[in-house]
Amino acid sequence: MGNHFGKLLLNENMKVFRRVRTWVMLAILALISILMPVLMREGFGSSEIIYWQAAVTAVQVSFFLNTIFCVVIAAESVAGEFTWGTIKLLLIRPWSRSKILASKYLTVVGFSILSTLLVIGMAMLTSYILFSHDAPAGSGVTAANALTMWGYLYIDLFITLAIAFMVSSVFRSGALAIGLSLFIMFTQNIFSLIFNPDRYAWAKYVLFNNMDLSKYMNTSSDIGLMNGPSEGMTLGFSLAVLAVYYVIFMVISWVVFNKRDVAG
(Lines give C-alpha, C1' and ligand atoms only; values in the text may rest on other atoms or scores of the structure.)
Protein backbone atom coordinates (compact mmCIF):
# COMPACT_ATOMS: atom_id res chain seq x y z
CA MET A 1 0.00 0.00 0.00
CA GLY A 2 2.84 2.36 0.90
CA ASN A 3 4.56 1.47 -2.37
CA HIS A 4 1.43 2.48 -4.32
CA PHE A 5 1.31 5.83 -2.51
CA GLY A 6 5.01 6.33 -3.23
CA LYS A 7 4.34 5.88 -6.94
CA LEU A 8 1.44 8.33 -6.71
CA LEU A 9 3.67 10.85 -4.94
CA LEU A 10 6.39 10.36 -7.56
CA ASN A 11 3.83 10.90 -10.30
CA GLU A 12 2.72 14.21 -8.77
CA ASN A 13 6.31 15.41 -8.42
CA MET A 14 6.99 14.51 -12.05
CA LYS A 15 4.02 16.67 -13.08
CA VAL A 16 5.63 19.63 -11.32
CA PHE A 17 9.31 19.16 -12.16
CA ARG A 18 8.87 18.09 -15.78
CA ARG A 19 7.48 21.51 -16.60
CA VAL A 20 9.95 24.12 -17.85
CA ARG A 21 8.06 26.78 -15.90
CA THR A 22 9.02 25.16 -12.60
CA TRP A 23 12.74 25.32 -13.37
CA VAL A 24 12.39 28.89 -14.63
CA MET A 25 10.80 29.88 -11.31
CA LEU A 26 13.57 28.18 -9.32
CA ALA A 27 16.21 29.85 -11.50
CA ILE A 28 14.63 33.27 -10.92
CA LEU A 29 14.59 32.68 -7.16
CA ALA A 30 18.25 31.66 -7.19
CA LEU A 31 19.21 34.66 -9.31
CA ILE A 32 17.40 37.17 -7.10
CA SER A 33 18.82 35.60 -3.92
CA ILE A 34 22.31 36.02 -5.37
CA LEU A 35 21.67 39.47 -6.82
CA MET A 36 20.31 41.06 -3.63
CA PRO A 37 23.55 40.67 -1.59
CA VAL A 38 25.53 41.91 -4.60
CA LEU A 39 23.40 45.07 -4.78
CA MET A 40 23.72 45.58 -1.02
CA ARG A 41 27.48 45.11 -1.27
CA GLU A 42 27.64 47.86 -3.86
CA GLY A 43 25.51 50.11 -1.68
CA PHE A 44 26.94 49.54 1.79
CA GLY A 45 30.36 47.94 1.44
CA SER A 46 31.46 44.71 3.15
CA SER A 47 32.79 46.44 6.25
CA GLU A 48 29.52 48.08 7.28
CA ILE A 49 27.22 45.09 7.56
CA ILE A 50 27.50 41.59 8.99
CA TYR A 51 26.81 38.78 6.54
CA TRP A 52 23.91 37.41 8.62
CA GLN A 53 22.13 40.75 8.31
CA ALA A 54 22.71 40.81 4.56
CA ALA A 55 21.39 37.27 4.22
CA VAL A 56 18.27 38.07 6.26
CA THR A 57 17.51 41.13 4.13
CA ALA A 58 18.08 39.22 0.90
CA VAL A 59 15.82 36.37 2.00
CA GLN A 60 13.07 38.77 3.10
CA VAL A 61 13.06 40.42 -0.33
CA SER A 62 13.26 37.12 -2.24
CA PHE A 63 10.64 35.44 -0.07
CA PHE A 64 7.84 37.54 -1.46
CA LEU A 65 8.45 36.10 -4.93
CA ASN A 66 9.04 32.67 -3.41
CA THR A 67 5.57 32.78 -1.87
CA ILE A 68 3.99 33.77 -5.20
CA PHE A 69 5.69 30.92 -7.06
CA CYS A 70 4.69 28.38 -4.41
CA VAL A 71 1.10 29.64 -4.52
CA VAL A 72 1.07 29.12 -8.30
CA ILE A 73 2.11 25.48 -7.80
CA ALA A 74 -0.47 24.98 -5.04
CA ALA A 75 -3.26 26.68 -6.97
CA GLU A 76 -2.86 24.43 -10.01
CA SER A 77 -2.28 21.20 -8.10
CA VAL A 78 -5.97 20.31 -7.99
CA ALA A 79 -7.63 22.93 -10.19
CA GLY A 80 -5.25 22.11 -13.03
CA GLU A 81 -6.53 18.54 -13.20
CA PHE A 82 -10.03 19.85 -13.90
CA THR A 83 -8.78 22.49 -16.33
CA TRP A 84 -6.79 19.95 -18.35
CA GLY A 85 -9.45 17.26 -18.01
CA THR A 86 -6.98 14.79 -16.48
CA ILE A 87 -8.87 14.32 -13.21
CA LYS A 88 -10.79 11.37 -14.73
CA LEU A 89 -7.50 9.59 -15.50
CA LEU A 90 -6.56 9.86 -11.82
CA LEU A 91 -9.90 8.64 -10.50
CA ILE A 92 -9.94 5.47 -12.61
CA ARG A 93 -6.66 4.40 -11.02
CA PRO A 94 -6.74 2.17 -7.90
CA TRP A 95 -6.13 5.11 -5.57
CA SER A 96 -8.57 6.68 -3.15
CA ARG A 97 -9.40 10.34 -3.46
CA SER A 98 -7.81 10.95 -0.06
CA LYS A 99 -4.49 9.55 -1.27
CA ILE A 100 -4.68 11.56 -4.48
CA LEU A 101 -5.28 14.76 -2.50
CA ALA A 102 -2.57 13.88 0.03
CA SER A 103 0.00 13.25 -2.71
CA LYS A 104 -0.79 16.59 -4.30
CA TYR A 105 -0.52 18.45 -1.01
CA LEU A 106 2.75 16.77 -0.04
CA THR A 107 4.17 17.65 -3.46
CA VAL A 108 3.20 21.29 -2.94
CA VAL A 109 4.80 21.35 0.53
CA GLY A 110 7.89 19.61 -0.83
CA PHE A 111 8.28 22.25 -3.54
CA SER A 112 7.89 25.05 -0.98
CA ILE A 113 10.62 23.53 1.20
CA LEU A 114 12.93 23.13 -1.80
CA SER A 115 12.40 26.70 -3.02
CA THR A 116 12.82 28.09 0.50
CA LEU A 117 16.09 26.21 1.04
CA LEU A 118 17.27 27.42 -2.38
CA VAL A 119 16.56 31.05 -1.49
CA ILE A 120 18.23 30.79 1.92
CA GLY A 121 21.20 28.83 0.58
CA MET A 122 21.96 31.23 -2.27
CA ALA A 123 21.48 34.31 -0.08
CA MET A 124 23.69 32.86 2.67
CA LEU A 125 26.46 31.77 0.32
CA THR A 126 26.61 35.10 -1.50
CA SER A 127 26.40 37.13 1.71
CA TYR A 128 29.11 35.02 3.33
CA ILE A 129 31.44 35.75 0.42
CA LEU A 130 30.70 39.47 0.11
CA PHE A 131 30.19 40.74 3.66
CA SER A 132 32.01 41.01 6.97
CA HIS A 133 32.21 38.11 9.45
CA ASP A 134 33.10 40.29 12.44
CA ALA A 135 30.04 41.76 14.12
CA PRO A 136 30.53 44.65 16.57
CA ALA A 137 29.85 43.66 20.18
CA GLY A 138 26.17 43.84 21.04
CA SER A 139 25.00 44.55 17.52
CA GLY A 140 24.15 42.78 14.32
CA VAL A 141 21.94 39.80 13.57
CA THR A 142 22.97 36.47 15.04
CA ALA A 143 22.57 33.09 13.42
CA ALA A 144 19.77 32.27 15.87
CA ASN A 145 17.88 35.45 14.94
CA ALA A 146 18.27 34.76 11.24
CA LEU A 147 17.12 31.14 11.49
CA THR A 148 14.17 32.18 13.64
CA MET A 149 13.12 34.84 11.14
CA TRP A 150 13.35 32.37 8.26
CA GLY A 151 11.28 29.88 10.22
CA TYR A 152 8.59 32.51 10.78
CA LEU A 153 8.63 33.45 7.10
CA TYR A 154 8.09 29.82 6.14
CA ILE A 155 5.17 29.43 8.56
CA ASP A 156 3.51 32.43 6.89
CA LEU A 157 4.15 30.78 3.50
CA PHE A 158 2.86 27.44 4.81
CA ILE A 159 -0.49 28.95 5.84
CA THR A 160 -0.80 30.89 2.58
CA LEU A 161 -0.24 27.63 0.68
CA ALA A 162 -2.96 25.93 2.73
CA ILE A 163 -5.39 28.66 1.69
CA ALA A 164 -4.41 28.38 -1.99
CA PHE A 165 -4.72 24.59 -1.87
CA MET A 166 -8.13 24.77 -0.22
CA VAL A 167 -9.47 27.27 -2.79
CA SER A 168 -8.03 25.15 -5.60
CA SER A 169 -9.77 22.04 -4.22
CA VAL A 170 -13.10 23.69 -3.46
CA PHE A 171 -13.59 25.98 -6.46
CA ARG A 172 -11.45 24.12 -9.03
CA SER A 173 -10.04 27.47 -10.09
CA GLY A 174 -6.32 28.07 -10.14
CA ALA A 175 -6.82 31.74 -11.01
CA LEU A 176 -9.10 32.27 -8.00
CA ALA A 177 -6.66 30.48 -5.69
CA ILE A 178 -3.75 32.60 -6.94
CA GLY A 179 -5.75 35.82 -6.80
CA LEU A 180 -7.08 35.24 -3.30
CA SER A 181 -3.66 34.24 -1.97
CA LEU A 182 -2.03 37.33 -3.49
CA PHE A 183 -4.82 39.47 -2.04
CA ILE A 184 -4.06 38.05 1.41
CA MET A 185 -0.35 38.69 0.94
CA PHE A 186 -0.85 42.32 -0.08
CA THR A 187 -3.56 43.21 2.44
CA GLN A 188 -2.40 41.21 5.46
CA ASN A 189 -0.88 44.19 7.27
CA ILE A 190 -3.74 46.49 6.23
CA PHE A 191 -6.34 44.20 7.80
CA SER A 192 -4.14 43.88 10.88
CA LEU A 193 -4.28 47.64 11.27
CA ILE A 194 -8.03 47.82 10.69
CA PHE A 195 -8.83 44.94 13.01
CA ASN A 196 -6.32 45.86 15.69
CA PRO A 197 -6.40 43.49 18.70
CA ASP A 198 -5.56 46.47 20.91
CA ARG A 199 -8.95 47.95 19.98
CA TYR A 200 -11.02 44.81 19.46
CA ALA A 201 -10.46 41.88 21.81
CA TRP A 202 -11.93 39.39 19.32
CA ALA A 203 -9.49 40.53 16.62
CA LYS A 204 -6.66 38.50 18.13
CA TYR A 205 -8.37 35.42 16.70
CA VAL A 206 -8.39 36.86 13.16
CA LEU A 207 -6.06 34.96 10.82
CA PHE A 208 -4.28 38.07 9.52
CA ASN A 209 -3.21 39.13 13.00
CA ASN A 210 -1.38 35.87 13.59
CA MET A 211 0.41 35.19 10.31
CA ASP A 212 3.38 37.54 10.78
CA LEU A 213 5.25 35.91 13.66
CA SER A 214 8.26 38.20 13.30
CA LYS A 215 6.55 40.63 15.68
CA TYR A 216 7.46 38.24 18.50
CA MET A 217 11.16 38.58 17.80
CA ASN A 218 13.49 40.58 20.02
CA THR A 219 13.11 44.15 18.75
CA SER A 220 16.79 44.81 19.42
CA SER A 221 17.65 42.52 16.53
CA ASP A 222 15.94 45.06 14.25
CA ILE A 223 14.64 42.46 11.83
CA GLY A 224 11.01 42.15 12.92
CA LEU A 225 8.52 43.16 10.25
CA MET A 226 5.98 44.77 12.58
CA ASN A 227 6.04 46.82 15.76
CA GLY A 228 5.30 44.06 18.21
CA PRO A 229 2.58 41.82 19.63
CA SER A 230 -0.67 43.16 20.98
CA GLU A 231 -1.75 42.74 24.56
CA GLY A 232 -2.63 39.13 25.38
CA MET A 233 -0.97 37.70 22.27
CA THR A 234 2.06 35.43 22.50
CA LEU A 235 3.97 33.26 20.06
CA GLY A 236 2.29 30.16 21.44
CA PHE A 237 -1.14 31.78 21.09
CA SER A 238 -0.56 32.73 17.44
CA LEU A 239 0.79 29.27 16.60
CA ALA A 240 -2.30 27.70 18.19
CA VAL A 241 -4.62 30.01 16.21
CA LEU A 242 -2.77 29.22 12.98
CA ALA A 243 -2.98 25.50 13.75
CA VAL A 244 -6.76 25.72 14.13
CA TYR A 245 -7.14 27.61 10.85
CA TYR A 246 -4.82 25.13 9.14
CA VAL A 247 -6.89 22.14 10.28
CA ILE A 248 -10.07 23.88 9.08
CA PHE A 249 -8.52 24.54 5.65
CA MET A 250 -7.36 20.94 5.30
CA VAL A 251 -10.68 19.46 6.45
CA ILE A 252 -12.61 21.63 3.98
CA SER A 253 -10.27 20.59 1.17
CA TRP A 254 -10.60 16.90 2.03
CA VAL A 255 -14.38 16.91 2.51
CA VAL A 256 -15.14 18.80 -0.69
CA PHE A 257 -12.72 16.80 -2.83
CA ASN A 258 -14.06 13.49 -1.52
CA LYS A 259 -17.76 14.31 -1.63
CA ARG A 260 -18.14 16.40 -4.76
CA ASP A 261 -18.97 14.77 -8.08
CA VAL A 262 -15.88 15.17 -10.27
CA ALA A 263 -17.04 13.03 -13.17
CA GLY A 264 -18.42 15.92 -15.12
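Helix 7, which covers residues 174–194, has 21 residues and reaches 29 Å from its first C-alpha to its last, close to the 30 Å expected at 1.5 Å a residue. The expected span of a helix is 1.5 Å times one less than its number of residues. Helices here are DSSP runs of H or I with at least four residues, strands are runs of E with at least two, and both are numbered from the N terminus. Helix 7 has a kink of about 55°, centred on Thr187; the bend at a residue is the angle between axes fitted to the seven residues ending there and the seven starting there. Thr187 is also one of the buried residues of helix 7, which include Gly174, Ala177, Ile178, Ser181 and Ile184. A residue is called buried under 20% relative accessible area, exposed over 50%, and partly exposed in between, with a 1.4 Å probe and protein chains only.

The model is predicted: local features need pLDDT of at least 70 and side-chain atom pairs count only at pLDDT 80 or more, whereas totals for chains, interfaces and linings use all residues. Residues are numbered from 1 along each chain as its sequence is written, and side-chain values use heavy atoms, with hydrogens and water left out.

The chain as a whole has nine helices and zero strands. Of its 264 residues, 47% are buried. Contact means heavy atoms within 4.5 Å. Among contacts between residues at least 6 apart in sequence, 83% join residues at least 24 apart.

Helix 6 comprises residues 143–171, and its 29 residues should span 42 Å at 1.5 Å a residue; its end C-alpha atoms are 42 Å apart, which agrees. Helix 6 is mostly covered, since 21 of its 29 residues are buried. Just after helix 6, Arg172 takes a positive phi of about 55°. Helix 2, formed by residues 20–44, has 25 residues and reaches 36 Å between its first and last C-alpha, close to the 36 Å expected. The buried residues of helix 2 include Leu29, Ser33 and Met36.

Ser62 touches Leu29, Ile32, Ser33, Met36 and Val119, not counting residues up to four places away in sequence. What joins the side chains of Ser62 and Ser33? The link is a polar contact of 3.5 Å. A polar contact is a pair of N or O atoms within 3.5 Å; within protein, one must be able to donate a hydrogen and the other to accept it, and residues adjacent in sequence count only if both atoms are side-chain atoms. A polar atom of the Ser62 side chain also lies 2.9 Å from the backbone oxygen of Ala58. Ser62 counts as buried because its relative accessible area is 1%.

Another buried serine is Ser112, with a relative accessible area of 0%. Ser112 is found in helix 5, residues 97–130. Its side chain makes a polar contact of 2.7 Å with the side chain of Tyr154. Beyond residues up to four places away in sequence, Ser112 touches Cys70, Tyr154, Leu157 and Leu161. Ser112 and Val71 are 41 residues apart in sequence, with their C-alpha atoms 8.9 Å apart in space.

The aromatic residues come next. Rings of Phe, Tyr and Trp (its six-membered ring) pair if their centres lie within 6.5 Å; planes under 30 degrees apart count as stacked, over 60 as edge-to-face and the rest as tilted. By this rule there are 17 aromatic pairs. In one of them, Tyr245 and Phe249 have ring centres 6.1 Å apart and planes at 35°, so the pair is tilted. Both residues lie in helix 9, residues 235–259, four residues apart, about one turn of the helix. Tyr245 is partly exposed, at 25% relative accessible area, whereas Phe249 is buried, at 9%. Tyr245 also touches Tyr205, Val206 and Leu207, not counting residues up to four places away in sequence.

Elsewhere, ring pairs link Phe183, Phe191, Phe195, Tyr200, Trp202 and Phe208 into a cluster.
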